[in-house]
Amino acid sequence: MHVFYTPDIQSQAELPEEEAAHAVRVLRLQTGDEVTLTDGKGNFYRAEISTATTKRCLVNILETIPQAPLWSGHLHIAMAPTKNMDRTEWFAEKATEIGFDELTFLNCRFSERKVIKTERIAKILVSAIKQSLKARLPHLNGMTDFNRFISQPFEGRKFIAHCYEGEKPLLKDVVRQGEDALVLIGPEGDFSEEEVKQAIENGFEPISLGRSRLRTETAALVACHILNLQNQ
């Protein structure tokens, strides 16, 4: 099954330029071939190619197929990006395959990467929803200052995973099905003690992801998987 990302398909019956090039030049699809489209907003479309040129690929929509939500609640991961971008990109791909709703990058005191370009991450998210047959594209936010982020309103449970001593129940034991949930994941050097304190003062609950010491991207993926499974 060939799936193409067409966010404007309801107002413009053709594939975006990059998707059109892949369909026509790489896959060699022709007029009359059927394709599957997704708008990233919850719908698949069964369509037929009406025009295929070297630069454009126009389609006729044959059927709109809404995809029911695959999990309940709004699942949000906010993480400090890793110094090695390959590891952050790996997380973005795998988390999308598992299923979540929103990704924010945090600029923390001990962050190894203070600037991030989200263009490539956005393409990875698109590729991952097509590969995993999901009709909803996660919302992607750029780098956000930690202190500003934790002071923003959020309707739902708010958690922070950190390595300091103290009472920290397992995330799997406190997440309730159907609740919106946000989990903060720090950099390799962890959040600072002051950041943890400030998060708690802003309503974040300290949690544990298990007994193993995890890298940033692994911790973020574990958190994503727990949230997803608890909301099936």
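Visitor: In this model, does Leu62 count as buried, partly exposed or exposed, and what is its relative accessibility?

Guide: The model is a predicted one, and in it Leu62 lies in strand S4, which covers residues 57-66. Buried would require under 20% relative accessible area and exposed over 50%. Because Leu62 has a relative accessibility of 40%, this residue counts as partly exposed.

Visitor: Are the rings of Phe146 and Phe191 stacked, edge-to-face or tilted?

Guide: The count of aromatic pairs comes to two. For Phe146 and Phe191 the ring centres are 5.4 Å apart and the planes stand at 45°. Planes under 30 degrees apart would be stacked and those over 60 edge-to-face, so the pair formed by Phe146 and Phe191 is tilted.

Visitor: How many residues apart are Phe146 and Phe191, and which parts of the chain does the pair link?

Guide: At 1% relative accessibility Phe146 counts as buried, and Phe191, at 0%, counts as buried as well. The pair links distant parts of the chain, with Phe146 in helix H4 (residues 146-150) and Phe191 in the loop between strand S9 (181-185) and helix H6 (193-201), and their separation is 45 residues.

Visitor: Which residues lie nearest the centre of the largest pocket?

Guide: The largest pocket has a volume of about 410 Å³. By class, its lining has eight nonpolar, seven polar and six charged residues. Of the 21 residues that line this pocket, those nearest its centre are His162, Cys163, Arg213, Leu214 and Ala219.

Visitor: Which element gives the most to the lining of the second largest pocket?

Guide: The second largest pocket has a volume of about 220 Å³, and its lining consists of Tyr5, Pro7, Pro16, Glu18, Glu19, Lys123, Val126, Ser127 and Lys130. Two elements give two or more residues to this lining, helix H1 (17-26) and helix H3 (119-131). By class, the lining has four nonpolar, one polar and four charged residues. The element that gives the most, with four residues, is H3.

Visitor: To which residue is the side chain of Arg157 joined by a polar contact, and at what distance?

Guide: Arg157 lies in strand S8, residues 157-161, and with a relative accessible area of 12% it is buried. Not counting residues up to four places away in sequence, Arg157 touches Val174, Arg176, Glu179, Asp180, Ala181, Leu182 and Glu205. A polar contact of 3.1 Å joins the side chain of Arg157 to that of Glu179.

Visitor: Turning to the whole chain, what percentage of the contacts between residues at least 6 apart in sequence join residues at least 24 apart?

Guide: The chain contains seven helices and 10 strands, and its C-alpha trace spans about 65 × 35 × 30 Å along the principal axes. Of its 232 residues, 46% count as buried. Among contacts between residues at least 6 apart in sequence, the share that joins residues at least 24 apart is 74%.

How values were computed
Residues are numbered from 1 along each chain as its sequence is written. This is a predicted model: local features need pLDDT of at least 70, side-chain atom pairs count only at pLDDT 80 or more; totals for chains, interfaces and linings use all residues. Side-chain values use heavy atoms; hydrogens and water are left out. Buried means under 20% relative accessible area, exposed over 50%, partly exposed in between (1.4 Å probe, protein chains only). Rings of Phe, Tyr and Trp (its six-membered ring) pair if their centres lie within 6.5 Å; planes under 30 degrees apart count as stacked, over 60 as edge-to-face and the rest as tilted. On a 1 Å grid over the protein atoms alone, a cavity is a set of points where a 1.4 Å probe fits but cannot get out, and a pocket is an open set with protein on both sides within 12 Å along at least five of seven lines; lining residues have an atom within 4 Å of a point. Grid points are joined across faces, edges and corners, and a volume is the space filled by probe spheres set on the points. Ala, Val, Leu, Ile, Met, Phe, Trp, Tyr, Cys and Pro count as nonpolar, Asp, Glu, Lys and Arg as charged, and the others, Gly among them, as polar. A polar contact is a pair of N or O atoms within 3.5 Å; within protein, one must be able to donate a hydrogen and the other to accept it, and residues adjacent in sequence count only if both atoms are side-chain atoms. Contact means heavy atoms within 4.5 Å.
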